[in-house]
Amino acid sequence: MAIESTVSAPLAWPRRHVGKLILLVCVVLWLVYVAPHSPVFKALLQWSPALAVGFGQNILISLVAIGLGSLLGLLVGALALSPLRLLRLPARIWVQIFRNAPWLVLIYFTTYVFPFEIHIGSAYVSFPDWVKVTLGLALPASANVAEIFRGAIASIPSTQWEAARSLAFTRGQIFRSIILPQCFKRMLPPWMNLYAVITMGTALASLVGVHDVIDTAQIASNTVNMTGFTVVIYLSLLVLFFAYCYPISRLTQRLERRYAFY
């Protein structure tokens, strides 16, 4: 039986991936022989640099939003674990409000609440729309990060707290030396998944006038004015977001398996 398993194992790989191989060959053949003669493909090539710049704006918004949201979320999560009710209650209210609020409503809220420019002394500093969208996405990100942090703390077995107290560790020493190193490992997979979700949420930025990849695609579609091009360009946006978020999702799954028992 052992010999049969070793013989059949190498044959299983092509059977699993034969569909992917056929699809890849078809795509390559289409790109080589059909696409160069298509006016839709030529128009897509002309607009590709603009789409890349617009997608870079989406990535910038997502990175700044997850950065601000993580810093604020860790602070809110720490306050939510405080033994003082005066600190714990506002943190929990923050989490409940921004975790359950629609993202589009928050984006519109930050867009119209914050001014177009800030007066600092005798100078006026512009407050661009993409920064407002970033703040609108950072608010729900902070609530989710706070909840991720709280869940990571709660997942630590109580025996570790008891063992640390028996060794005369203070509460701060327990957090710094024992609890937090384990929490960051457990927080990493859901944090990365949250970042992927926020990246997809940046597609809402075009609704408030941000010149991102969605806005660029709309301009390109109206300029070229071909139905086939409209379908292809929005399919290209789907491929862009998928190509950026899918590796993050796969890495998240790998990290979940790696830290499942730690």
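# Close-up views of a predicted model

**View 1. Helix α2 against helix α8.** Helix α2 passes helix α8 in a right-handed crossing. The model shown here, and in each view below, is predicted. Two packed helices are described by the angle between their axes and by the distance between those axes. For α2 (residues 39-80) and α8 (residues 213-224), the angle is about 155° and the axes are 7 Å apart. Because an angle over 145 degrees counts as roughly antiparallel, α2 is described as roughly antiparallel to α8. On the α2 side, the contact is made by Ala43, Trp47, Ala50, Leu51, Gly54, Phe55 and Asn58. On the α8 side, Val213, Thr216, Ala217, Ile219, Ala220, Thr223 and Val224 take part. Sorted by class, the contact of α2 with α8 has 10 nonpolar residues, four polar residues and no charged residues.

**View 2. Helix α2 against helix α9.** Helix α2 also packs with helix α9 (residues 227-258), at an angle of about 40° and with the axes 10 Å apart. The two helices, α2 and α9, are therefore oblique to each other. The crossing of α2 past α9 is right-handed. From α2, the residues that meet α9 are Val40, Ala43, Leu44, Trp47, Leu51, Phe55, Asn58 and Ile59. Their partners in α9 are Gly228, Phe229, Val232, Ile233, Ser236, Leu237, Leu240, Phe241 and Tyr244. By class, the contact of α2 with α9 comprises 14 nonpolar residues, three polar residues and no charged residues.

**View 3. Helix α2 against helix α3.** Helices α2 and α3 pack at an angle of about 135°, and their axes lie 7 Å apart. That angle makes α2 oblique to α3. Here the crossing of α2 past α3 is left-handed. Leu72, Val76, Leu79 and Ala80 of α2 make the contact with Leu87, Arg88, Ala91, Arg92, Trp94 and Val95 of α3. The contact of α2 with α3 has eight nonpolar residues, no polar residues and two charged residues.

**View 4. Ala91 in helix α3.** Ala91 sits in helix α3, which covers residues 85-99. Ala91 has a relative accessible area of 5%, so this residue counts as buried. Apart from neighbours within four places in sequence, Ala91 is in contact with Val76, Leu79 and Ala80. Ala91 and Val76 are 15 residues apart in sequence, and their C-alpha atoms are 5.4 Å apart in space.

View 5. Ser221 lies in helix α8. With a relative accessible area of 10%, Ser221 is buried. Residues up to four places away in sequence aside, Ser221 touches Met226, Phe229 and Thr230. Asn225 is found in the loop between α8 and α9. At 64% relative accessibility, Asn225 counts as exposed. Most residues other than glycine have a negative phi. Asn225 is not a glycine, yet has a positive phi of about 60°.

**View 6. Phe114 in the loop between α4 and β1.** Phe114 belongs to the loop that joins α4 (103-113) and β1 (117-120). Is Phe114 buried, partly exposed or exposed? At 33% relative accessibility, Phe114 counts as partly exposed. Neighbours within four places in sequence aside, the contacts of Phe114 are Phe127, Lys132 and Leu135. Between Phe114 and Asp129 the separation is 15 residues in sequence and 9.5 Å in space, C-alpha to C-alpha.

**View 7. Spans recorded as transmembrane regions.** An unreviewed UniProt entry places the feature "transmembrane region" at residues 21-39, 59-82, 103-124, 130-149, 194-214 and 226-248. In the model, residues 59-82 are 92% helix and 0% strand, and the end C-alpha atoms of this span lie 34 Å apart. Residues 226-248 are 96% helix and 0% strand, with end C-alpha atoms 34 Å apart.

**View 8. The whole chain, for orientation.** The secondary structure of the protein comes to nine helices and two strands. From the N terminus on, the elements run α-α-α-α-β-β-α-α-α-α-α. Of the 262 residues of the protein, 35% count as buried. Among contacts between residues at least 6 apart in sequence, 73% join residues at least 24 apart.

Note on methods:
Residues are numbered from 1 along each chain as its sequence is written. This is a predicted model: local features need pLDDT of at least 70, side-chain atom pairs count only at pLDDT 80 or more; totals for chains, interfaces and linings use all residues. Side-chain values use heavy atoms; hydrogens and water are left out. UniProt positions are given in the numbering used here, feature names are shortened, and annotations may be inferred rather than shown by experiment. Helices (H or I, at least four residues) and strands (E, at least two) are DSSP runs, numbered from the N terminus. Axes are lines fitted to C-alpha atoms, for helices over the stretch in contact, and angles run from 0 to 180 degrees between N-to-C directions. Angles under 35 degrees count as roughly parallel, over 145 as roughly antiparallel, 65 to 115 as roughly perpendicular and the rest as oblique. A crossing is left-handed if the near helix is turned anticlockwise from the far one by less than a right angle, and right-handed if clockwise. Contact means heavy atoms within 4.5 Å. Ala, Val, Leu, Ile, Met, Phe, Trp, Tyr, Cys and Pro count as nonpolar, Asp, Glu, Lys and Arg as charged, and the others, Gly among them, as polar. Buried means under 20% relative accessible area, exposed over 50%, partly exposed in between (1.4 Å probe, protein chains only).
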